[in-house]
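Let's take a walk through this protein together, one region at a time. Keep the sequence and the 3D view open as you read.

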Amino acid sequence: MALWMCTHSTGWVVVLSIGILLPSIAAEFHLSYGMQGLLASGPLWANTILYLPLSIWLVRYSPRLLTTITIVLGTLFVLLQASSSLFIVLLISRFALGITLAAREPARMLLMQQWFHSREFLWVNSITVCVLSFAFFGATLATPYVLTFFGDDWRSTLYFFGGLTGGLAILWVILGRERKTHQYLSYIAQSSTVNWQNVLRHKELWLAALGLLGTNISASTFIAFYPTFMLERYDFPLKYSAFILSANWLVCGLAGLIVARLATNWTSRSRILYTCGLILPSSYLLLIFTDSLPLLFVALIANGIGWCFFPILLTITLHLPGIHVKEVPVAHAFLFASVSFGLAMGPLLAGFALDTLGNPLVVLGIMSLASLSVIGSGISARILTETAIS
């Protein structure tokens, strides 16, 4: 699972490192804020639209083979982005990269159920989020230095990421494995067809999706526009902004492991969700109202802690009453469609709001408040508590 997350994270690194590369890309293609937002959100719209249908269709295939095909195609689309001489080609290739990420996700949920017991799911999700967070931390921190090393050439930077993705694809082909136990095969036999209506009837799932939607609207807005905002408002160097955007991932990964240890039942998990819903918007607001390094450090620590809720919401899909093995990836895809929708809406809404209002401080402040939605997800955990008691 750690290897799977490493291979998967490289694609997300290309998607989410766009904020560091946008100043160079925008200068070359003469992009408005709205067009920058569209470029940043392109892969995420692919995820939003295709997560659910692809999960229903692809759950029948081998998760190892599915991972191999999508990581190879993802590598090719990263290289196509790097070689794009037209903006429309760059936009389409980023959209296609998003399709490969959406198609790969069902494999993770099947592999989890092959290799782990249900009581271990929160730990597995916490560890996978930790791996993903560390990958984002390293990549976001390193991207400005890689960009500088290549003479501010964003194309060479993407070629570098494409080579890294290709190397991990080779490792997956060599080391990737499945584990089809008798118990797993019997569960598969009992759930030969996927009933997506059975999946979507769970109100716990919708509440979890709402929380993920709002928090990712806030997050993607900052990923896309925070480096430019800080550079223009405070003359704050890009490498410092990269550290702020990356260090909170590191804190998030470590906090997620602590949560996996402490959140032993759905009552404690609901309380954590309520707390995170207050921490996140407060930390985002602090990030834009100061250029003081000590205060920014406090804000990024708080923001990383606030994201510790993520493994909890991912675990909800595995504990929905009456859900079957092949329906779990569909429920998971619904949550990730909400994540992608939030990540896609953030830069797009913020970009056009910036073109209209012309005040980045006001726009980023408003977008910060969307992360209050995770408070609503605490209700979903409380419902699971009541279900377990009954």
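## Where helix α7 begins

At the start of α7, the backbone nitrogen of R155 has a side-chain oxygen of D153 within 3.0 Å. Keep in mind as you look at this contact that the model is predicted.

From there, helix α7 runs over residues 154-175, 22 residues in total. Its first and last C-alpha atoms are 32 Å apart, close to the 32 Å expected at 1.5 Å a residue.

## What surrounds α7

Which residues of α7 are buried? They are W154, R155, S156, T157, L158, F161, G162, T165, G166, L168, A169 and W172. These buried residues pack against α1 (2-16), α2 (18-29), α4 (63-83), α5 (87-115) and α6 (121-149).

Helix α1 is worth a visit of its own. Its 15 residues should span 21 Å at 1.5 Å a residue, and the 20 Å between its end C-alpha atoms agrees with that. Along the way, α1 bends by about 25° at S9.

Why is α1 described as largely enclosed by the rest of the structure? Because twelve of its 15 residues are buried. Among them are W4, M5, the run from T7 through H8 and S9 to T10, and also G11 and W12. V13, V14, V15 and L16 of α1 are buried too.

## The largest nonpolar core

The largest nonpolar core has 115 residues, and the members touching the most others are W12, I25, L39, Y226 and F309. Helix α15 (residues 328-357) contributes the most to this core, with 15 residues.

Setting aside neighbours within four places in sequence, F309 is in contact with L212, T215, L273, C276, L280 and V374.

## F336 in helix α15

F336 is found in helix α15. Its relative accessibility is 9%, so F336 counts as buried. Not counting residues up to four places away in sequence, F336 touches Y51, E105, R108 and L314.

## How confident is the prediction?

The protein chain has an average pLDDT of 83, and 94% of the residues score at least 70. Confidence is highest in helix α16 (residues 360-368), at a mean of 93, and lowest in helix α8 (residues 182-190), at 63.

Over residues 386-390, pLDDT stays under 50. For this stretch, the model has two contacts beyond four places in sequence.

Technical notes. Residues are numbered from 1 along each chain as its sequence is written. This is a predicted model: local features need pLDDT of at least 70, side-chain atom pairs count only at pLDDT 80 or more; totals for chains, interfaces and linings use all residues. Side-chain values use heavy atoms; hydrogens and water are left out. Helices (H or I, at least four residues) and strands (E, at least two) are DSSP runs, numbered from the N terminus. The expected span of a helix is 1.5 Å times one less than its number of residues. Buried means under 20% relative accessible area, exposed over 50%, partly exposed in between (1.4 Å probe, protein chains only). Contact means heavy atoms within 4.5 Å. A polar contact is a pair of N or O atoms within 3.5 Å; within protein, one must be able to donate a hydrogen and the other to accept it, and residues adjacent in sequence count only if both atoms are side-chain atoms. A nonpolar core is a set of buried Ala, Val, Leu, Ile, Met, Phe, Trp, Tyr and Cys residues joined through side-chain atoms within 4.5 Å. The bend at a residue is the angle between axes fitted to the seven residues ending there and the seven starting there. pLDDT is the predictor's confidence in each residue, from 0 to 100.
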